[in-house]
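My notes follow in the order of looking.

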Amino acid sequence: MVFTIRAIIEVLGFPNTHVKEVTEKVIEKLKTEDRVTVLNSKVNDPEKVKEKYFSCFAEVEMKVLDFSKLLSICSDYMPSSLEILDSDKVTLPTREFQLAISELLDK
């Protein structure tokens, strides 16, 4: 099952220029992922959150080709928010679900 999702990916650190640079690199790495097509992305400017720390977040809309890859994206990139845009109901073959859970457990 193909999923169209919107994810928020955040990076925290300092200085603000480094935080934005790392956020952009994370999005570039995501664009190279197998079985993922990034449809659009927007990296926002860093905001100061504590004393010297800055937070930068990116909004990314993408197509993910299967449930296993969706779980992989979640564990590798740790998005703070994830929204499935194209379905109200998810139906998966048992085999696809089992493989996805097994891959998650391997990590």
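I took helices (H or I, at least four residues) and strands (E, at least two) as DSSP runs, numbered from the N terminus. On that basis I find three helices and five strands in the protein. From the N terminus on, they run β-α-β-β-β-α-β-α.

I note that this is a predicted model, in which local features need pLDDT of at least 70 and side-chain atom pairs count only at pLDDT 80 or more, while totals for chains, interfaces and linings use all residues. Residues are numbered from 1 along each chain as its sequence is written, and side-chain values use heavy atoms, with hydrogens and water left out.

**Overall.** I boxed the C-alpha atoms along the principal axes and got roughly 50 × 30 × 25 Å. For burial I used relative accessible area: buried is under 20%, exposed is over 50%, and partly exposed is in between (1.4 Å probe, protein chains only). Buried residues make up 34% of the 107 residues. For contacts I required heavy atoms within 4.5 Å. Of the contacts with a separation of 6 or more, 73% are between residues 24 or more positions apart.

**Helix α1.** I started with residues 16–31. This helix has 16 residues and reaches 23 Å from its first C-alpha to its last.

Which residues of α1 are buried? I list V19, T23, I27 and L30. Seen down the axis of α1, they fall within an arc of 75°, so they line one face of the helix. The arc is that of the directions from the helix axis to the C-beta atoms. On the face turned away from the buried side I find the exposed residues T17, K25 and K29. The buried residues of α1 pack against β1 (3–13), β2 (36–43), β4 (53–64) and α2 (67–77).

**Helix α2.** I looked at α2 next, and it is mostly covered. Eight of its 11 residues are buried: F67, S68, K69, L70, L71, S72, I73 and Y77. These buried residues pack against β1, α1, β2, β4, β5 (81–84) and α3.

I stopped at the lysine in that list. K69 is found in helix α2. Is K69 buried or exposed? At 7% relative accessibility, K69 counts as buried. I left aside its neighbours within four places in sequence and found K69 in contact with E33, D34, R35, V36 and V64.

**α2 against α3.** How do α2 and helix α3 (residues 94–106) pack, and at what angle? I get about 25°, with their axes 8 Å apart. That makes α2 roughly parallel to α3. The contact uses F67, S68, L71 and S75 of α2 and E96, F97, A100, I101, E103 and L104 of α3. My axes are lines fitted to C-alpha atoms, for helices over the stretch in contact, and angles run from 0 to 180 degrees between N-to-C directions. Angles under 35 degrees count as roughly parallel, over 145 as roughly antiparallel, 65 to 115 as roughly perpendicular and the rest as oblique. α2 passes α3 in a right-handed crossing. A crossing is right-handed if the near helix is turned clockwise from the far one by less than a right angle, and left-handed if anticlockwise.

Most residues other than glycine have a negative phi, and most peptide bonds are trans. I went looking for exceptions.

The peptide bond from F14 to P15 is cis, with omega near -10°. P15 sits in the loop between β1 and α1.

R35 is not a glycine, yet has a positive phi of about 70°. I place R35 in the loop between α1 and β2. At 32% relative accessibility, R35 counts as partly exposed.

M78 is not a glycine either, and its phi is positive at about 45°. M78 lies in the loop between α2 and β5. At 62% relative accessibility, M78 counts as exposed.

**V90.** My last stop was the loop between β5 and α3, where V90 has its place. At 40% relative accessibility, V90 counts as partly exposed. What does V90 touch, not counting residues up to four places away in sequence? I find M1, F3 and I84. V90 and D34 are 56 residues apart along the chain, and their C-alpha atoms are separated by 22 Å.

Conventions. The expected span of a helix is 1.5 Å times one less than its number of residues.
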